[in-house]
Amino acid sequence: MLNPALVAPRPASFAILRREMLRLYRRRGQLIQPPLFFVLVAVLFPFAIGGDEHLLRALAPATVWISVLLATTLSLEDIFRSDQEDGSLEQLVLMAKSLPGACALKALAHWLSTPAPLIAMAALMSSVHDLEADTRSALLISLVLGTPVFSLVGTIGSALTVGVRGGALLLALLILPLYIPVLIFGAGAVRNATLSTATGSEYFFLAGLSVLAATLAPFATAAGLRARLS
Amino acid sequence: MHAANPIALDVVDIECLRGDALIFEHLSFSVSAGRVVQILGANGSGKTSLLRMLSGLATPTAGDILWHGEPIRESARFHEQLIYQGISVGFSVSLTVRENLEYALAIAARGAQASTARALARVGLTRYHGTLFGRLSSGQRQRVALARLLLVPAQIWLLDEPLTALDRAGKELLEEMLLGHVESSGIALVATHQPLGIPPGYLQTLDMDRRTAC
(Lines give C-alpha, C1' and ligand atoms only; values in the text may rest on other atoms or scores of the structure.)
Protein backbone atom coordinates (compact mmCIF):
# COMPACT_ATOMS: atom_id res chain seq x y z
CA MET A 1 0.00 0.00 0.00
CA LEU A 2 1.25 3.42 -0.88
CA ASN A 3 0.95 5.97 1.83
CA PRO A 4 -1.56 8.59 0.58
CA ALA A 5 0.52 11.48 1.91
CA LEU A 6 3.39 10.40 -0.31
CA VAL A 7 1.40 10.63 -3.50
CA ALA A 8 1.91 14.21 -4.55
CA PRO A 9 -0.24 15.39 -7.46
CA ARG A 10 1.31 13.94 -10.55
CA PRO A 11 2.43 17.18 -12.22
CA ALA A 12 4.09 18.41 -9.02
CA SER A 13 6.07 15.22 -8.46
CA PHE A 14 7.04 15.16 -12.12
CA ALA A 15 8.18 18.80 -11.88
CA ILE A 16 10.28 18.14 -8.79
CA LEU A 17 12.05 15.20 -10.40
CA ARG A 18 12.47 17.08 -13.69
CA ARG A 19 14.02 20.02 -11.86
CA GLU A 20 16.48 17.75 -10.04
CA MET A 21 17.48 16.05 -13.27
CA LEU A 22 17.92 19.38 -15.06
CA ARG A 23 20.10 20.72 -12.26
CA LEU A 24 22.11 17.53 -12.33
CA TYR A 25 22.57 17.88 -16.07
CA ARG A 26 23.70 21.50 -15.75
CA ARG A 27 26.27 20.45 -13.14
CA ARG A 28 27.22 17.25 -14.92
CA GLY A 29 30.93 17.96 -14.39
CA GLN A 30 30.43 17.29 -10.69
CA LEU A 31 28.67 14.02 -11.39
CA ILE A 32 31.97 12.28 -11.97
CA GLN A 33 33.43 13.23 -8.56
CA PRO A 34 31.82 10.55 -6.36
CA PRO A 35 32.76 7.72 -8.77
CA LEU A 36 36.34 9.04 -8.93
CA PHE A 37 36.50 9.27 -5.16
CA PHE A 38 35.13 5.74 -4.95
CA VAL A 39 37.81 4.40 -7.29
CA LEU A 40 40.54 6.20 -5.36
CA VAL A 41 39.43 4.80 -2.01
CA ALA A 42 39.13 1.32 -3.49
CA VAL A 43 42.64 1.63 -4.91
CA LEU A 44 44.03 2.70 -1.54
CA PHE A 45 43.11 -0.62 0.10
CA PRO A 46 45.68 -2.75 -1.81
CA PHE A 47 48.39 -0.26 -0.85
CA ALA A 48 47.47 -0.62 2.81
CA ILE A 49 46.89 -4.37 2.78
CA GLY A 50 49.84 -5.42 0.68
CA GLY A 51 50.25 -7.70 -2.31
CA ASP A 52 48.65 -10.89 -0.96
CA GLU A 53 46.33 -11.84 -3.79
CA HIS A 54 44.08 -14.16 -1.75
CA LEU A 55 43.65 -11.60 0.98
CA LEU A 56 42.88 -8.88 -1.55
CA ARG A 57 40.30 -10.98 -3.30
CA ALA A 58 38.70 -11.88 0.02
CA LEU A 59 38.56 -8.24 1.06
CA ALA A 60 37.47 -6.80 -2.29
CA PRO A 61 33.68 -6.87 -1.61
CA ALA A 62 34.13 -5.20 1.77
CA THR A 63 36.34 -2.51 0.28
CA VAL A 64 33.74 -1.84 -2.42
CA TRP A 65 30.98 -1.50 0.18
CA ILE A 66 33.06 0.84 2.36
CA SER A 67 34.06 2.95 -0.65
CA VAL A 68 30.46 3.28 -1.83
CA LEU A 69 29.39 4.23 1.67
CA LEU A 70 32.05 6.94 2.00
CA ALA A 71 31.50 8.35 -1.48
CA THR A 72 27.77 8.54 -0.83
CA THR A 73 28.20 10.20 2.56
CA LEU A 74 30.32 12.93 0.98
CA SER A 75 27.53 13.86 -1.41
CA LEU A 76 24.74 14.06 1.15
CA GLU A 77 25.45 17.63 2.14
CA ASP A 78 24.50 18.85 -1.33
CA ILE A 79 20.95 17.50 -1.23
CA PHE A 80 19.46 20.61 0.34
CA ARG A 81 22.36 23.07 0.50
CA SER A 82 21.88 25.07 -2.69
CA ASP A 83 18.10 25.02 -2.23
CA GLN A 84 18.58 26.51 1.21
CA GLU A 85 20.98 29.16 -0.07
CA ASP A 86 18.77 30.41 -2.88
CA GLY A 87 15.48 30.27 -0.98
CA SER A 88 14.03 27.36 -2.99
CA LEU A 89 13.78 25.29 0.16
CA GLU A 90 11.47 27.82 1.84
CA GLN A 91 9.34 27.83 -1.29
CA LEU A 92 9.20 24.04 -1.31
CA VAL A 93 8.20 23.86 2.37
CA LEU A 94 5.51 26.51 1.89
CA MET A 95 4.14 25.55 -1.49
CA ALA A 96 4.41 21.77 -1.82
CA LYS A 97 1.12 19.98 -1.33
CA SER A 98 3.02 17.05 0.14
CA LEU A 99 6.40 17.87 1.65
CA PRO A 100 7.15 14.20 2.53
CA GLY A 101 6.43 13.33 -1.10
CA ALA A 102 8.84 16.01 -2.24
CA CYS A 103 11.46 14.68 0.19
CA ALA A 104 11.03 11.16 -1.17
CA LEU A 105 11.69 12.55 -4.66
CA LYS A 106 14.77 14.36 -3.39
CA ALA A 107 16.05 11.04 -2.06
CA LEU A 108 15.31 9.37 -5.39
CA ALA A 109 17.17 12.13 -7.24
CA HIS A 110 20.12 11.68 -4.89
CA TRP A 111 20.13 7.94 -5.48
CA LEU A 112 20.19 8.52 -9.23
CA SER A 113 22.95 11.11 -8.93
CA THR A 114 25.35 9.25 -6.65
CA PRO A 115 24.76 5.61 -5.66
CA ALA A 116 23.54 4.62 -9.16
CA PRO A 117 26.74 5.73 -10.95
CA LEU A 118 28.75 4.16 -8.12
CA ILE A 119 27.03 0.82 -8.67
CA ALA A 120 27.82 1.06 -12.37
CA MET A 121 31.43 1.79 -11.44
CA ALA A 122 31.45 -1.14 -9.02
CA ALA A 123 30.21 -3.42 -11.81
CA LEU A 124 33.05 -2.21 -13.97
CA MET A 125 35.66 -2.63 -11.25
CA SER A 126 34.52 -6.06 -10.15
CA SER A 127 35.16 -7.32 -13.66
CA VAL A 128 38.59 -5.72 -13.54
CA HIS A 129 39.23 -7.26 -10.13
CA ASP A 130 38.46 -10.67 -11.57
CA LEU A 131 35.81 -11.62 -8.99
CA GLU A 132 33.91 -14.85 -9.39
CA ALA A 133 30.54 -14.55 -11.10
CA ASP A 134 28.59 -15.44 -7.92
CA THR A 135 30.45 -12.94 -5.81
CA ARG A 136 30.06 -10.27 -8.43
CA SER A 137 26.31 -10.68 -8.78
CA ALA A 138 25.88 -10.83 -5.00
CA LEU A 139 27.86 -7.59 -4.70
CA LEU A 140 25.75 -5.80 -7.29
CA ILE A 141 22.40 -7.11 -6.03
CA SER A 142 23.24 -6.18 -2.45
CA LEU A 143 24.31 -2.70 -3.56
CA VAL A 144 21.10 -2.15 -5.51
CA LEU A 145 18.98 -3.33 -2.57
CA GLY A 146 20.95 -1.54 0.14
CA THR A 147 21.99 1.84 -1.27
CA PRO A 148 18.43 3.30 -1.27
CA VAL A 149 18.79 3.30 2.53
CA PHE A 150 21.91 5.48 2.15
CA SER A 151 19.97 8.05 0.12
CA LEU A 152 16.78 7.97 2.19
CA VAL A 153 18.39 8.09 5.63
CA GLY A 154 20.99 10.52 4.28
CA THR A 155 18.22 12.90 3.26
CA ILE A 156 17.11 13.06 6.91
CA GLY A 157 20.63 13.96 7.99
CA SER A 158 20.95 16.49 5.21
CA ALA A 159 17.68 18.13 6.29
CA LEU A 160 18.75 18.25 9.94
CA THR A 161 22.10 19.86 9.16
CA VAL A 162 21.00 22.24 6.40
CA GLY A 163 22.47 25.67 7.00
CA VAL A 164 24.75 24.46 9.80
CA ARG A 165 28.34 25.63 9.63
CA GLY A 166 30.67 22.67 9.21
CA GLY A 167 27.58 20.58 8.62
CA ALA A 168 29.38 18.00 6.48
CA LEU A 169 31.27 16.42 9.35
CA LEU A 170 28.29 16.60 11.70
CA LEU A 171 26.23 14.96 9.00
CA ALA A 172 28.73 12.10 8.68
CA LEU A 173 28.76 11.65 12.46
CA LEU A 174 24.98 11.50 12.53
CA ILE A 175 24.50 9.26 9.56
CA LEU A 176 27.36 6.74 9.44
CA PRO A 177 26.17 4.75 12.51
CA LEU A 178 22.78 4.37 10.85
CA TYR A 179 24.44 2.79 7.82
CA ILE A 180 25.91 -0.06 9.86
CA PRO A 181 23.00 -2.53 9.37
CA VAL A 182 23.15 -2.07 5.62
CA LEU A 183 26.90 -2.62 5.66
CA ILE A 184 26.52 -5.80 7.76
CA PHE A 185 23.91 -7.37 5.50
CA GLY A 186 25.46 -6.09 2.28
CA ALA A 187 28.94 -7.37 3.02
CA GLY A 188 27.38 -10.52 4.54
CA ALA A 189 25.58 -11.34 1.31
CA VAL A 190 28.80 -11.06 -0.66
CA ARG A 191 30.71 -13.18 1.87
CA ASN A 192 28.07 -15.89 1.69
CA ALA A 193 28.21 -15.85 -2.09
CA THR A 194 31.98 -16.25 -1.95
CA LEU A 195 31.53 -19.27 0.33
CA SER A 196 28.75 -20.56 -1.99
CA THR A 197 26.13 -20.47 0.77
CA ALA A 198 22.63 -18.98 0.58
CA THR A 199 22.34 -15.21 0.27
CA GLY A 200 18.53 -14.93 0.33
CA SER A 201 18.11 -13.81 3.92
CA GLU A 202 20.60 -10.97 3.49
CA TYR A 203 18.79 -9.78 0.39
CA PHE A 204 15.49 -9.83 2.23
CA PHE A 205 16.94 -7.86 5.11
CA LEU A 206 18.39 -5.26 2.74
CA ALA A 207 15.13 -4.96 0.83
CA GLY A 208 13.26 -4.72 4.13
CA LEU A 209 15.56 -1.94 5.36
CA SER A 210 15.02 -0.07 2.10
CA VAL A 211 11.25 -0.36 2.36
CA LEU A 212 11.36 0.73 6.00
CA ALA A 213 13.50 3.73 5.09
CA ALA A 214 11.25 4.64 2.15
CA THR A 215 8.22 4.56 4.43
CA LEU A 216 9.59 6.57 7.32
CA ALA A 217 12.47 8.71 6.07
CA PRO A 218 10.42 11.16 3.95
CA PHE A 219 8.30 12.08 6.97
CA ALA A 220 11.35 12.51 9.19
CA THR A 221 13.03 14.60 6.47
CA ALA A 222 9.96 16.84 6.13
CA ALA A 223 9.79 17.33 9.90
CA GLY A 224 13.52 18.06 9.98
CA LEU A 225 13.23 20.69 7.25
CA ARG A 226 10.33 22.41 8.99
CA ALA A 227 12.29 22.48 12.22
CA ARG A 228 15.47 23.80 10.59
CA LEU A 229 13.69 26.58 8.71
CA SER A 230 11.66 27.89 11.64
CA MET B 1 -14.88 52.40 1.54
CA HIS B 2 -12.76 49.54 2.77
CA ALA B 3 -13.37 50.05 6.44
CA ALA B 4 -16.49 47.96 6.12
CA ASN B 5 -14.53 44.92 4.90
CA PRO B 6 -14.33 42.18 7.51
CA ILE B 7 -10.98 41.48 9.04
CA ALA B 8 -9.15 38.77 7.11
CA LEU B 9 -5.83 38.50 8.85
CA ASP B 10 -5.68 39.12 12.58
CA VAL B 11 -2.39 39.20 14.46
CA VAL B 12 -2.98 38.96 18.20
CA ASP B 13 -0.31 39.91 20.69
CA ILE B 14 2.54 37.96 19.10
CA GLU B 15 6.06 37.77 20.42
CA CYS B 16 9.30 36.92 18.66
CA LEU B 17 12.21 35.51 20.63
CA ARG B 18 15.40 34.57 18.85
CA GLY B 19 17.62 32.69 21.26
CA ASP B 20 17.65 34.97 24.30
CA ALA B 21 17.02 38.13 22.31
CA LEU B 22 13.55 39.61 22.29
CA ILE B 23 12.93 40.89 18.76
CA PHE B 24 9.41 42.16 19.43
CA GLU B 25 6.49 41.52 21.76
CA HIS B 26 2.84 42.53 22.15
CA LEU B 27 2.48 43.07 18.42
CA SER B 28 -1.14 43.19 17.29
CA PHE B 29 -2.70 44.40 14.08
CA SER B 30 -5.37 43.33 11.66
CA VAL B 31 -5.75 43.56 7.92
CA SER B 32 -8.91 43.55 5.82
CA ALA B 33 -9.12 42.23 2.31
CA GLY B 34 -8.07 44.81 -0.24
CA ARG B 35 -5.23 46.38 1.71
CA VAL B 36 -1.50 46.76 1.27
CA VAL B 37 0.37 46.82 4.56
CA GLN B 38 3.77 48.45 4.40
CA ILE B 39 6.01 47.16 7.17
CA LEU B 40 8.55 49.76 8.27
CA GLY B 41 11.26 49.54 10.86
CA ALA B 42 14.98 49.72 11.52
CA ASN B 43 17.26 46.83 10.59
CA GLY B 44 16.80 44.12 13.18
CA SER B 45 13.35 45.33 14.20
CA GLY B 46 11.86 42.01 13.09
CA LYS B 47 10.33 42.72 9.67
CA THR B 48 11.62 39.51 8.17
CA SER B 49 10.79 37.54 11.33
CA LEU B 50 7.23 38.88 11.18
CA LEU B 51 6.83 37.91 7.53
CA ARG B 52 8.21 34.43 8.22
CA MET B 53 5.71 34.03 11.05
CA LEU B 54 2.88 35.18 8.82
CA SER B 55 3.97 32.67 6.18
CA GLY B 56 3.93 29.84 8.69
CA LEU B 57 7.65 29.11 8.31
CA ALA B 58 8.23 30.28 11.86
CA THR B 59 5.88 30.18 14.82
CA PRO B 60 5.43 33.10 17.23
CA THR B 61 6.80 32.32 20.69
CA ALA B 62 3.54 33.73 22.07
CA GLY B 63 0.29 34.96 20.60
CA ASP B 64 -1.76 33.92 17.62
CA ILE B 65 -2.12 34.68 13.93
CA LEU B 66 -5.67 34.16 12.69
CA TRP B 67 -6.95 33.88 9.14
CA HIS B 68 -10.71 34.50 9.12
CA GLY B 69 -10.74 33.60 12.81
CA GLU B 70 -8.83 30.35 12.41
CA PRO B 71 -5.18 29.91 13.55
CA ILE B 72 -3.01 29.77 10.42
CA ARG B 73 -1.25 26.62 11.64
CA GLU B 74 -4.51 24.72 11.29
CA SER B 75 -5.82 26.48 8.21
CA ALA B 76 -5.16 24.60 4.98
CA ARG B 77 -7.06 27.33 3.14
CA PHE B 78 -4.58 29.92 4.30
CA HIS B 79 -1.59 28.07 2.89
CA GLU B 80 -3.33 27.54 -0.43
CA GLN B 81 -3.75 31.29 -0.81
CA LEU B 82 -0.27 32.39 0.11
CA ILE B 83 2.82 33.48 -1.74
CA TYR B 84 5.90 34.27 0.29
CA GLN B 85 8.78 36.05 -1.38
CA GLY B 86 11.83 36.09 0.85
CA ILE B 87 15.02 38.10 0.43
CA SER B 88 16.36 35.07 -1.42
CA VAL B 89 13.59 34.80 -3.94
CA GLY B 90 13.79 31.03 -4.33
CA PHE B 91 14.95 30.31 -7.86
CA SER B 92 17.76 27.98 -8.82
CA VAL B 93 20.74 29.57 -10.58
CA SER B 94 21.25 26.49 -12.73
CA LEU B 95 17.76 26.57 -14.24
CA THR B 96 16.47 28.95 -16.87
CA VAL B 97 13.92 31.64 -16.09
CA ARG B 98 11.15 29.63 -17.73
CA GLU B 99 12.14 26.37 -15.99
CA ASN B 100 12.14 28.13 -12.64
CA LEU B 101 8.70 29.64 -13.19
CA GLU B 102 7.19 26.42 -14.48
CA TYR B 103 8.55 24.58 -11.45
CA ALA B 104 7.11 27.23 -9.11
CA LEU B 105 3.73 26.83 -10.78
CA ALA B 106 3.86 23.04 -10.66
CA ILE B 107 4.73 22.66 -6.97
CA ALA B 108 2.04 25.13 -5.96
CA ALA B 109 -0.44 22.99 -7.96
CA ARG B 110 -2.99 25.81 -8.02
CA GLY B 111 -3.23 26.24 -11.76
CA ALA B 112 -1.91 29.36 -13.48
CA GLN B 113 -3.65 32.71 -13.68
CA ALA B 114 -1.61 33.80 -16.69
CA SER B 115 0.63 32.21 -19.27
CA THR B 116 4.35 32.22 -18.58
CA ALA B 117 4.95 34.18 -21.78
CA ARG B 118 2.49 36.91 -20.77
CA ALA B 119 3.91 37.16 -17.26
CA LEU B 120 7.43 37.47 -18.64
CA ALA B 121 6.28 40.10 -21.13
CA ARG B 122 4.66 42.11 -18.33
CA VAL B 123 7.88 42.15 -16.26
CA GLY B 124 9.95 42.89 -19.36
CA LEU B 125 11.91 39.64 -19.51
CA THR B 126 10.54 38.10 -22.70
CA ARG B 127 14.02 37.88 -24.21
CA TYR B 128 15.39 36.13 -21.15
CA HIS B 129 13.01 33.16 -20.88
CA GLY B 130 15.78 30.75 -21.86
CA THR B 131 18.53 32.43 -19.85
CA LEU B 132 19.94 30.72 -16.78
CA PHE B 133 18.68 32.48 -13.66
CA GLY B 134 22.28 32.71 -12.44
CA ARG B 135 23.19 34.92 -15.41
CA LEU B 136 20.58 37.59 -14.57
CA SER B 137 21.32 40.83 -12.74
CA SER B 138 19.84 41.25 -9.27
CA GLY B 139 17.16 43.59 -10.59
CA GLN B 140 16.18 41.07 -13.24
CA ARG B 141 16.01 38.37 -10.56
CA GLN B 142 13.50 40.46 -8.64
CA ARG B 143 11.52 40.81 -11.84
CA VAL B 144 11.36 37.03 -12.22
CA ALA B 145 9.90 36.96 -8.70
CA LEU B 146 7.30 39.50 -9.85
CA ALA B 147 6.46 37.19 -12.75
CA ARG B 148 5.79 34.45 -10.19
CA LEU B 149 3.31 36.76 -8.45
CA LEU B 150 1.53 37.18 -11.78
CA LEU B 151 1.49 33.44 -12.45
CA VAL B 152 0.62 31.71 -9.19
CA PRO B 153 -2.87 32.54 -7.92
CA ALA B 154 -2.76 33.76 -4.32
CA GLN B 155 -4.82 36.07 -2.16
CA ILE B 156 -2.03 36.89 0.28
CA TRP B 157 1.30 38.25 -0.85
CA LEU B 158 4.12 38.42 1.69
CA LEU B 159 6.98 40.35 0.13
CA ASP B 160 10.30 40.87 1.88
CA GLU B 161 12.21 43.81 0.38
CA PRO B 162 10.79 43.33 -3.13
CA LEU B 163 12.15 46.68 -4.29
CA THR B 164 15.80 45.77 -3.71
CA ALA B 165 17.74 46.39 -6.92
CA LEU B 166 14.59 47.21 -8.89
CA ASP B 167 14.83 50.25 -11.15
CA ARG B 168 12.20 53.00 -11.29
CA ALA B 169 10.18 51.19 -13.94
CA GLY B 170 10.33 48.01 -11.88
CA LYS B 171 9.08 49.85 -8.80
CA GLU B 172 6.20 51.31 -10.78
CA LEU B 173 5.38 47.86 -12.11
CA LEU B 174 5.26 46.41 -8.59
CA GLU B 175 3.04 49.29 -7.41
CA GLU B 176 0.73 48.68 -10.33
CA MET B 177 0.63 44.98 -9.55
CA LEU B 178 -0.03 45.65 -5.85
CA LEU B 179 -2.89 47.96 -6.74
CA GLY B 180 -4.39 45.40 -9.12
CA HIS B 181 -4.01 42.75 -6.43
CA VAL B 182 -5.79 44.69 -3.68
CA GLU B 183 -8.47 45.95 -6.06
CA SER B 184 -9.43 42.31 -6.54
CA SER B 185 -9.62 41.90 -2.72
CA GLY B 186 -6.10 40.60 -2.28
CA ILE B 187 -3.89 41.34 0.70
CA ALA B 188 -0.24 42.27 0.52
CA LEU B 189 2.26 42.75 3.32
CA VAL B 190 5.38 44.44 2.06
CA ALA B 191 8.54 45.06 4.05
CA THR B 192 10.32 48.00 2.46
CA HIS B 193 11.75 51.38 3.40
CA GLN B 194 10.88 53.09 0.16
CA PRO B 195 7.62 54.99 0.02
CA LEU B 196 5.05 52.99 -1.92
CA GLY B 197 2.98 54.75 -4.53
CA ILE B 198 -0.30 53.24 -3.41
CA PRO B 199 -3.43 55.40 -2.88
CA PRO B 200 -3.91 56.04 0.88
CA GLY B 201 -7.30 54.33 0.84
CA TYR B 202 -5.59 51.03 0.12
CA LEU B 203 -2.47 51.49 2.19
CA GLN B 204 -1.81 50.95 5.86
CA THR B 205 1.57 51.10 7.52
CA LEU B 206 2.99 49.11 10.37
CA ASP B 207 5.96 50.65 12.10
CA MET B 208 7.97 47.98 13.91
CA ASP B 209 9.94 50.62 15.83
CA ARG B 210 6.99 52.50 17.24
CA ARG B 211 4.71 49.46 17.07
CA THR B 212 1.86 51.47 15.67
CA ALA B 213 -0.52 50.32 13.02
CA CYS B 214 -2.49 52.93 11.17
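By class, nine nonpolar, six polar and five charged residues line the second largest pocket (Ala, Val, Leu, Ile, Met, Phe, Trp, Tyr, Cys and Pro count as nonpolar, Asp, Glu, Lys and Arg as charged, and the others, Gly among them, as polar). The model is predicted: local features need pLDDT of at least 70, side-chain atom pairs count only at pLDDT 80 or more, and totals for chains, interfaces and linings use all residues. Residues are numbered from 1 along each chain as its sequence is written, chains are lettered from A and ligands numbered from 1 in the order in which they are written, and side-chain values use heavy atoms, with hydrogens and water left out.

**Second largest pocket.** Select Arg27(A), Ser75(A), Asp78(A), Ser113(A) and Thr114(A), the closest to the pocket centre of its 20 lining residues. A pocket is defined on a 1 Å grid over the protein atoms alone, as an open set of points where a 1.4 Å probe fits, with protein on both sides within 12 Å along at least five of seven lines; lining residues have an atom within 4 Å of a point. The volume here is about 400 Å³, taken as the space filled by probe spheres set on the points. Helices that each supply at least two lining residues include H1 (10–26), H5 (78–86) and H7 (99–113) of chain A; helices are DSSP runs of at least four residues (H or I), and strands (E) of at least two, numbered from the N terminus.

**Helices H3 and H4 of chain A.** Next, select residues 33–49 and 53–76 of chain A, whose helix axes come within 9 Å and cross at roughly 145°. Axes are lines fitted to C-alpha atoms, for helices over the stretch in contact, with angles from 0 to 180 degrees between N-to-C directions. The contact has 17 nonpolar, two polar and no charged residues.

**The sheet of chain B.** Move to chain B, where four strands form an open antiparallel sheet in the order E2-E1-E4-E5; two strands pair if DSSP finds at least two bridges between them. Strands E1 (residues 7–18) and E4 (residues 62–67) of chain B share five bridges, and Val11(B) has Ile65(B) as its bridge partner in E4(B). Helix H1 (residues 47–55) of chain B lies across E1, E2 and E4, at about 125° to E1(B).

**Largest pocket.** Finally, select Val93(A), Leu94(A), Arg226(A), Gly56(B) and His79(B), which lie nearest the centre of the largest pocket, lined by 25 residues. The space amounts to about 540 Å³, and the lining divides into 14 nonpolar, five polar and six charged residues.

Definitions and conventions:
Contact = heavy atoms within 4.5 Å.
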